[in-house]
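User: I would like to go through some of the labels used for this structure and see what each of them rests on.

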Amino acid sequence: MTGSGDDEEARRLFERVSRVFALLGEPMRVQILHAVCHEERTVQQIVDATGASQTNVSRHLGLMWRAGALERRRDGAFVRYRVADQTLVELCRTVCVHMAARMDAEPVVGRQGLGHLIDDWTLASASVSPVPADSPGASGGSASRTRRP
């Protein structure tokens, strides 16, 4: 039997988990994460990779940065973004690989398949170092990242 303290802990955990899924609930944010999963990129490079407008990409980048999913740094006239929490890359890779395999199994005339996306996500997760459970990055925090309130 669990006490009310355990219930409160579980509730807080589930709230955090649902915020992660809510953040990734927008397809453009998953595309942005895919665009930066291998390397740091400028806003323009992310715009080019996603095919979205700079206004739309910038809006999502700001939200993802404030949520702690991305880190950013100024480089002269450019702002560069990179993944702050590699767990998000692994989560997206797992779901994308699963869904791509299911979609590839569906008979659709003229489709080339989604193998290239599986390869992209797999390469990204292969270069990811696991974050120890007791490190600051494991809880989404990072001493090197500043976030707006």
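User: Why is Glu90 called partly exposed?

Analyst: Glu90 has a relative accessibility of 33%, and since buried means under 20% relative accessible area and exposed over 50%, with partly exposed in between (1.4 Å probe, protein chains only), Glu90 counts as partly exposed. This is a predicted model, in which local features need pLDDT of at least 70 and side-chain atom pairs count only at pLDDT 80 or more, while totals for chains, interfaces and linings use all residues. Residues are numbered from 1 along each chain as its sequence is written, and side-chain values use heavy atoms, with hydrogens and water left out.

User: What makes Arg93 and Glu90 a salt bridge?

Analyst: The closest N and O atoms of Arg93 and Glu90 are 3.1 Å apart, and a salt bridge is a side-chain nitrogen of Lys or Arg within 4 Å of a carboxyl oxygen of Asp or Glu, so the pair qualifies. Arg93 and Glu90 are three residues apart in helix H5 (residues 86-105), and therefore separated by about one helical turn; helices here are DSSP runs (H or I, at least four residues), strands likewise (E, at least two), numbered from the N terminus.

User: How do you know that Arg82 and Glu40 tie together separate parts of the chain?

Analyst: Arg82 forms a salt bridge with Glu40, the closest N and O atoms being 2.8 Å apart. Arg82 lies in strand E3 (residues 78-83), whereas Glu40 lies in the loop between H2 and strand E1 (41-42), so the pair joins parts that are 42 residues apart in sequence. Both residues also belong to a network of salt bridges that links Glu40, Glu71, Arg73 and Arg82.
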